[in-house]
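Hi,

Here is the structure we discussed handing over. Please open it alongside these notes.

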Amino acid sequence: MTGAVGTVVRDGLAGARAGRLTQALVLWGFTRVLILLTVFRIVVIPGPDVTSDVEEIYQGWYEVLRTGTYPLDDVTWQYPPAAALAILSPALLPFLGYSAAFFVLALLCDALVFGLLAYVGRRPGRSMRGAWLWLAGVPLLGPTAYSRYDLMVTAVAVAGLLAAVRSPVVLGALAGFGATLKVWPVLLLAGAARGRAAFRSAASAVGTATGVVLACGLAAPGALAFLGFQRDRGTEIESLGALPFHLARHFGWPGEARMNYGSLEFLGPGVKTVSTVAMLLTVASFGWLLVWWFMARRRGSSTTADAAFVALLLFTTTSRVISPQYMIWLVGLAAVCLVHRSTRMRKPAHLVLWATAVTQFEFPVWFSHVDDSDPLGIGLLLLRNGLLVAATVSACRILWRQTVTEPRLEAAAATPVRLPAQADRERDRVSVSS
């Protein structure tokens with residue numbers, strides 16, 4: 001009788017899980033159809049056409065890359081050498097035009113991430129929360145999600161983090177390859193465990209990245225030209241450091257916002273100083289991460305993903321540039337954190353989700369207000385960037401408390417405390433016995 005009841009309960013739970021998965025699949029399909037309607041401009045989102053970059057910039061790079069060289073004369077090419085693979089990828093679908101093929105490939109990468117999160121989330125000790133977060137986060141960003149190659153990079157990063165628990169080598173290889181696509185996936189290594197696992201991850205990352213860079217360099221000249229272009233960037237108008245200049249424009253600041261190195265940046269007095277401060281904050285953030293790495297005393301199944309998420313939050317909030325598509329990175333890593341039931345990153349993950357929702361209004365819907373630095377534009381930036389700062393501070397505190405503070409307190413509590421009187425009595429007993 002007991003066995004029969006157990007079977008019924010198990011079957012019921014399995015049925016409920018299957019029902020939730022079906023729900024998630026239906027919602028994923030519905031929301032992705034809406035995104036496709038916007039990128040193909042069947043449904044038009046107010047504001048600038050975010051899909052034009054695919055046709056006007058990516059396709060232009062595509063034509064140059066096909067000739068066997070990188071876009072050496074274009075300062076907007078600010079990406080590592082393997083980014084050429086993403087730009088050339090629409091050639092895999094020759095029966096479609098460039099833009100249509102790019103959007104379809106973005107959809108396939110989106111499906112891959114969702115599938116990986118759902119597959120791992122159904123294992124014992126895991127959760128479907130990560131898949132649900134990804135399901136919601138991508139459409140909240142709107143057509144921007146499919147109009148940049150960041151979704152492809154995020155797919156590589158998510159796959160690497162999900163493989164981290166079982167294979168540090170795979171984590172390293174995908175982190176290294178991802179870094180040659182858009183640098184930031186190297187942050188996946190921030191949570192690698194000390195010792196042999198860290199060495200294997202780092203060696204795999206360095207080996208993979210070196211191999212890819214050498215292959216790209218041999219295939220076409222100009223593979224490292226992006227380094228100079230990146231160095232010369234300023235403070236983009238959506239970044240945290242741009243907020244003082246948005247306010248200063250109302251008090252006679254003589255600078256301006258104009259296209260510079262492929263994005264709208266502030267140019268004028270004080271901008272260089274703010275950009276320098278931003279870079280120093282980034283360096284300080286990574287210094288904090290290094291201290292955490294050496295002081296961490298306890299690791300759980302989610303620590304690698306949690307630390308990578310924290311590292312990416314620090315990198316994003318202190319950056320001179322916070323482009324809308326950066327939110328896809330954060331949503332992807334937050335989703336991997338939530339796959340682990342042991343994670344405490346739910347609050348920062350939800351703050352990132354809210355920040356992603358605000359981002360679509362900041363760009364493209366009301367981007368003209370941001371460009372004009374009017375109250376609505378400043379308010380949107382304060383809200384979005386404030387949510388990112390709150391997520392960053394919260395995530396750092398959680399990571400430090402869970403891996404450094406709590407283990408130290410537990411160790412202190414487990415150590416017996418010897419009172420002075422007890423110590424004196426013990427010495428007396430030793431003296432008498434001797």
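Predicted model: local features only at pLDDT ≥ 70, side-chain atom pairs only at ≥ 80, totals over all residues.

Arg-41 is another case to look at. Its phi is positive, about 60°, although Arg-41 is not a glycine. It lies in the loop that links helix H1 (2–39) to helix H2 (52–65). With 39% relative accessibility, Arg-41 counts as partly exposed.

Now the overall picture. The chain has 434 residues, and 50% of them are buried. It contains 17 helices and three strands. The C-alpha trace spans about 90 × 65 × 50 Å along its principal axes. Among contacts with a separation of 6 or more, 76% are between residues 24 or more positions apart.

Next, helix packing. Two packed helices are described by the angle between their axes and the distance between the axes.

Take helix H14 (residues 346–365) and helix H16 (residues 375–414). They pack at an angle of about 165°, and their axes are 9 Å apart. H14 is therefore roughly antiparallel to H16, since an angle over 145 degrees falls in that class. The crossing of H14 past H16 is left-handed. On the H14 side, the residues in contact are Lys-347, Pro-348, Leu-351, Val-352, Trp-354, Ala-355, Val-358, Thr-359, Phe-361 and Glu-362. On the H16 side, they include Leu-380, Leu-381, Arg-384, Leu-387, Ala-391, Ser-394 and Ile-398. By class, the contact of H14 with H16 has 16 nonpolar, two polar and three charged residues.

H14 holds one more item for your list. Pro-364 lies in this helix. A cis peptide bond joins Phe-363 to Pro-364, with omega at about 15°. Please look at that bond in the model.

The other pair is helix H11 (residues 271–295) with helix H12 (residues 303–317). Their axes come within 9 Å and cross at roughly 160°. That makes H11 roughly antiparallel to H12. H11 passes H12 in a right-handed crossing. H11 contributes Ser-285, Phe-286, Trp-288, Leu-289 and Trp-292 to the contact. H12 contributes Thr-303, Ala-307, Val-310, Ala-311, Leu-314 and Phe-315. The residues of this contact divide into nine nonpolar, two polar and no charged.

So which way does the handedness go in each pair? It is left-handed where H14 passes H16, and right-handed where H11 passes H12.

One last residue. Is Gln-78 buried or exposed? Gln-78 is buried, because its relative accessible area is 4% and buried means under 20%. It is found in the loop between H2 and helix H3 (83–88). Gln-78 and Arg-346 are 268 residues apart in sequence. In space, their C-alpha atoms are 33 Å apart.

Best wishes

Key: Residues numbered from 1 in each chain as written. Heavy atoms only, no water. Axes fitted to C-alpha atoms, helices over the stretch in contact; angles between N-to-C directions. Helix = DSSP H or I, 4+ residues; strand = E, 2+ residues; numbered from the N terminus. Parallel < 35°, antiparallel > 145°, perpendicular 65-115°, else oblique. Left-handed = near helix turned anticlockwise from the far one by under 90°. Contact = heavy atoms within 4.5 Å. Nonpolar A, V, L, I, M, F, W, Y, C, P; charged D, E, K, R; others polar. Buried < 20%, exposed > 50% of the residue type's maximum accessible area, 1.4 Å probe, protein only.
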